[in-house]
Amino acid sequence: MVKYDRLWRTMKEKGITQYDLYHRYGIETSLLDRLRKGKNIEIYTLDRLCTILDCDFGDIVEHIPNERPEEDEKSRPSSE
């Protein structure tokens, strides 16, 4: 699982609000919603946020391993 809790903390530390991201930097509200809900975003978007916030990926996103990776494997379609 990927969490974006670090993004909100970094934004607070840098003094940048969601309003700033939308109005000043052109970040779409739908993207902000995806971040709030912990949904997938593109690497390009992470790069853009890092540039805006002058930070690294780790300051925005955190990977939390699933408790049962074997169940994730079962739910994925076979590549054969």
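Leaving aside neighbours within four places in sequence, Val61 is in contact with Val2, Lys3, Tyr4, Arg6 and Leu46, where contact means heavy atoms within 4.5 Å. The model is a predicted one, in which local features need pLDDT of at least 70 and side-chain atom pairs count only at pLDDT 80 or more, while totals for chains, interfaces and linings use all residues. Residues are numbered from 1 along each chain as its sequence is written, and side-chain values use heavy atoms, with hydrogens and water left out.

Val61 is found in the loop between helix 4 and strand 2. Helices (H or I, at least four residues) and strands (E, at least two) are DSSP runs, numbered from the N terminus. Val61 counts as buried because its relative accessibility is 18%; buried means under 20% relative accessible area, exposed means over 50%, and partly exposed lies in between (1.4 Å probe, protein chains only). One of the contact partners of Val61 is Arg6. Val61 and Arg6 are 55 residues apart in sequence, but their C-alpha atoms are 5.9 Å apart in space.

The chain has five helices and two strands. Along the sequence, these elements follow the pattern β-α-α-α-α-β-α. Of the 80 residues in the chain, 25% are buried. The accessible surface of the chain comes to about 6,200 Å², and 45% of this surface belongs to carbon and sulfur atoms. Accessible areas come from the Shrake-Rupley method with a 1.4 Å probe, and for residues only the protein chains shown count as cover. Among contacts between residues at least 6 apart in sequence, 56% join residues at least 24 apart.

Two further residues illustrate contacts between separate parts of the sequence. Arg48 lies in helix 4 and is partly exposed, with 29% relative accessibility. Not counting residues up to four places away in sequence, Arg48 touches Tyr25, Gly26 and Ile27. The C-alpha atoms of Arg48 and Ile27 are separated by 9.3 Å, and the two residues are 21 apart along the chain. Asn40 is placed in the loop between helix 3 (29–36) and helix 4. At 63% relative accessibility, Asn40 is exposed. With neighbours within four places in sequence left aside, Asn40 is in contact with Tyr4 and Arg34. Asn40 and Val2 are 38 residues apart in sequence, and the distance between their C-alpha atoms is 8.1 Å.

Charged side chains were examined next. Side chains of opposite charge can pair when their charged atoms come close. A search of the whole structure finds four salt bridges, a salt bridge being a side-chain nitrogen of Lys or Arg within 4 Å of a carboxyl oxygen of Asp or Glu. One of them joins Lys3 and Asp5, with the closest N and O atoms 3.2 Å apart. Lys3 is partly exposed at 28% relative accessibility, and Asp5 is partly exposed at 43%.

Asp33 takes part in two of the pairings described here, with Arg36 and with Lys37. Between Asp33 and Arg36, the closest N and O atoms are 3.7 Å apart. Asp33 and Arg36 are separated by about one helical turn because they are three residues apart in helix 3. Asp33 has a relative accessible area of 28% and is partly exposed, and Arg36 is likewise partly exposed, at 46%. In the pair of Lys37 and Asp33, the closest N and O atoms are 3.2 Å apart. Lys37 is exposed, with a relative accessible area of 53%. Salt bridges that share partners join Asp33, Arg36 and Lys37 into one network.

Like charges also gather on the surface. Glu13, Asp54, Asp56 and Asp59 form a patch of negative charge there. Patches are made of residues with over 30% relative accessible area and no salt bridge, with like charges joined within 9 Å and nonpolar side chains (Val, Leu, Ile, Met, Phe, Trp, Tyr) within 5 Å. Lys and Arg count as positive and Asp and Glu as negative, whereas His and the chain ends are not counted. The place of a charge is taken as NZ of Lys, CZ of Arg, CG of Asp or CD of Glu.

Asp54 is exposed, with a relative accessible area of 63%. The backbone of Asp54 has a positive phi of about 50°, although Asp54 is not a glycine. Most residues other than glycine have a negative phi.
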